[in-house]
Each structure stands twice: as C-alpha cells, then as structure tokens.
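Here are a few notes to read beside the model. Keep the structure open as you go through the points.

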Amino acid sequence: MFNSMGVTNPQDLGNGGTLDGDVVITGDLSISGGVSLTLSEVLEGTSTIDITNTEAFLIRRNGDGGDIFVVDTTNGNVGIGGSSVTTWGRNLTIKTSSASSSPAITLANTATDISDDGVVGAIEAQAGAGNRIAGIMFRQEGTSENSGDITFTTASSGSLSEKMRILSSGGITTTNYMTVGGTLGVGATQSTALHVTNTDPIFRMQNGGNYWDYAHTSGNDLDISYNGGSSLLHLQNDG
C-alpha cells in the first residue's frame, strides 16, 4: 500500500492492480512471488526478462523460444542466440543458424595508437587459482591498423611465452620443433613426404651460427657447402 508521507497519488495495491505512469523507487524493493517484466524502452523492441525453474536469467523476444540470452539454472551455463543451454554441454555457447562468413565473436579495439606487435585482442585459458597456461593473441603488424599476426602462447612451469606465430603474409614460425603426421610441403603443395621449393640455397640446416647449404647448379646438380664456403660435395644428376 503506497501511502507513506510525501507520496503523490498513493495507490492501494493490496489485492492487485495497475499503476499508470512512471514509478521511481529510491530504496530497496522486495517482491514475493514470480516476476515477469516486459520492457519496451530498456531494450530495443519488445523483450521479456524471465526467471524460471530452468533459467536463472532469460532475455527473449515476444514469443517463447525466441531466446536472446540464457543463463541455465542447473549448471550456470550461458547461451547467446538460442535456448536449451544444457544440451550444448558448454559453459558459453554462441548459436548461429547461417552459413554466412560473418563472425560470431568479434574482438574490437578502437585505439588508433597501437604500436607494432601490440596486442589488439586475446583469448586466454587459466587453471587452478588463476594460473595462465595458454592463450591466443591477435597482434597488430605495423602501425596502420590494417595488418596483423596471430600468436599462440603456452606456459611451462608457470612461465608463459610465445611458441608459434602465423604472420600476416601467411608464414608460420615456431620456437621449437614441429611434428607433422603427414605430408609437409615447404613452398609448394606436393604428394612427397618433404618437398622444398625455393631459390638457392633450396635447403639449409643450421645450428647456432653454423649452417650447411644445399644448392643446385646450372646443370641441376647438387652442391653441399658449409657456412657459405666453397662446395664440399658435388652430386651430379646423372650419378
């Protein structure tokens, strides 16, 4: 019953009723029973916020089933773009129903002063008490906000560092060995187990500052040299 001192147009809603106009509450509000709010100003269009025995929090469009944002009551999972969060089996699921190339998730950074190799966006995995164990970082190449690399980081004994990078040019660099279970093509796609296509030297084996070069001659022979010196071994294509 709204009849405290200073209240304009008090209403007795002891048996239910309707309030016309805006209502401003400056203190705590306690409601016993179910609550359903239909909002036409807070959210664009007509949307409904529900709290039920299956959804701890739900925002949907007019009809049931047009769910926009769902927090599952049982597992606390979150779904965006659809209902039945529990059947997806993930803590966060973003559902789409189109084959469009439009991204389901966009990490947008509107800064215009990001330095070369600066992090524009990142996804990170943590374990235990916030221990950082792996991550994917999207880095700007140059300072023009139109080129970028992707770096992959992993942690060893608590130390997180970059292990692999996909360059804006499409090249891939790693800080350790790479295991390939099938065909490895370097410079070309071939059916052979290892196919290297390059200008001389076509292949280089390096350890620290020392290296062996494998280069072909004008007669399609093969020369092997050490540290850029003269040929140490010459193999002719006719044997």
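1. Start with a term. Two strands pair if DSSP finds at least two bridges between them. The model is a predicted one.

2. Now the sheet. Five strands make up an open sheet, ordered β7-β8-β9-β10-β11, with antiparallel pairing. Its edge strands are β7 (119–127) and β11 (172–174), and each of them pairs on one side only. On average, neighbouring strands here are turned by 20° against each other, direction ignored.

3. Begin at β7. It is joined to β8 (residues 131–140) by eight bridges, and the two run antiparallel. Look for Ala125: it sits opposite Ala134 in β8.

4. Move on to β9 (residues 148–156) and β10 (residues 159–166). Seven bridges connect this antiparallel pair. Thr153 has Glu162 in β10 as its bridge partner. The two strands form a hairpin with two residues between them. In that turn, Ser157 has a positive phi of about 55°.

5. Next, β10 and β11. They pair antiparallel over three bridges. Met164 stands opposite Thr174 in β11. Their hairpin has five residues between the strands, and Gly170 takes a positive phi near 100° there.

6. Last, a single residue. Leu222 lies in strand β16 (residues 222–226). Beyond its neighbours within four places in sequence, Leu222 contacts Tyr214, Ala215, His216, Leu233, His234 and Leu235. Gln236 is 14 residues away along the chain, yet the C-alpha atoms of Leu222 and Gln236 are 6.5 Å apart.

Key. Residues are numbered from 1 along each chain as its sequence is written. This is a predicted model: local features need pLDDT of at least 70, side-chain atom pairs count only at pLDDT 80 or more; totals for chains, interfaces and linings use all residues. Side-chain values use heavy atoms; hydrogens and water are left out. Helices (H or I, at least four residues) and strands (E, at least two) are DSSP runs, numbered from the N terminus. Contact means heavy atoms within 4.5 Å. Axes are lines fitted to C-alpha atoms, for helices over the stretch in contact, and angles run from 0 to 180 degrees between N-to-C directions.
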